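Reader: Can you walk me through the charged pairs and the core of this one? Keep it short.

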Amino acid sequence: MDAVCDLVPAVKPQIAMYEQFGIPGLMAYYKTIRYCREKGLIIIGDVKRGDIGSTSAAYARGHLGDADALDVDFATVNPYLGTDGIKPFIDVCNARDKGIFVLVKTSNPSSGEFQDVLTREGRPVYELVGQKVNEWGALSMEGKYSNVGAVVGATYPEQGRLLRQQMPHTFILAPGYGAQGATGRDLSYFFDEDGLGAIVNSSRGIIAAWQKDSYSRFGEAGFAEAARAAASDMIEDLRGAIAER
């Protein structure tokens, strides 16, 4: 974070990597969030929570509620349970000026097993979820974008282009850049006409950049310098792709 905090707007800690170590891991997650906050970064808690009613509200308060909780700026959520699972998060977001990213079309290869299945209307499920994200976003609009965002994998550029058109007021969180194979060209239409509206996620491509041939000159001891170089190259790749579209 020290190496890239002046280059990037946001970080996305994955809570599972902390939870596997039990209570000490959650304490480390809490410290990570606090350190991100000190650096002035937007924090996206990658927690993928999904439940209904009071349980969903408890998840929302725990991750987005207040400074005594985990207190991230955005949380990723699973829409499989429908509006009953999303509305409690929206209520907390509106009260606390926070946001969520709803899983719409994820970057993993098997996502199509469910997300690409056609509905009775002949539309894939991910389009239906995108439509709901647009509707849920209307409950929390302030300015051009709502605080209900969408997760759309960078590994599916055509679907991303369609979903950007379908969700004009939605921030798109796009995982899959770098280690999963996506490039800036794949992502150019995830952004709006002003080159805004998308947050592109690269995890291993930056954290483990020193392991790649192109950054191996830094060595393991120079992992932070390698991460900064990878982040800078990513930014230039994205800017170039947006300018060329």
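Author: Start with Arg-185 and Glu-244: both are exposed (over 50% relative accessible area; buried is under 20%, partly exposed in between; 1.4 Å probe, protein chains only). Their side chains meet in a salt bridge, 4.0 Å from N to O. A salt bridge here is a side-chain nitrogen of Lys or Arg within 4 Å of a carboxyl oxygen of Asp or Glu.

Reader: Where do Arg-185 and Glu-244 lie?

Author: Arg-185 is in helix α8 (residues 184-187) and Glu-244 in helix α10, so the pair ties together parts 59 residues apart in sequence. Helices are DSSP runs (H or I, at least four residues), strands likewise (E, at least two), numbered from the N terminus.

Reader: What's the model's provenance?

Author: It is a predicted model: local features need pLDDT of at least 70, side-chain atom pairs count only at pLDDT 80 or more, and totals for chains, interfaces and linings use all residues. Residues are numbered from 1 along each chain as its sequence is written, and side-chain values use heavy atoms, with hydrogens and water left out.

Reader: How many salt bridges in the whole structure?

Author: The search finds 18. One of them joins Lys-12 and Asp-46 at 2.7 Å, N to O.

Reader: Are Lys-12 and Asp-46 buried or exposed?

Author: Both are buried.

Reader: Switching to the core. Which residues touch the most other members?

Author: Ile-100, Val-102 and Val-133, out of 54 residues in the largest nonpolar core. Such a core is a set of buried Ala, Val, Leu, Ile, Met, Phe, Trp, Tyr and Cys residues joined through side-chain atoms within 4.5 Å.
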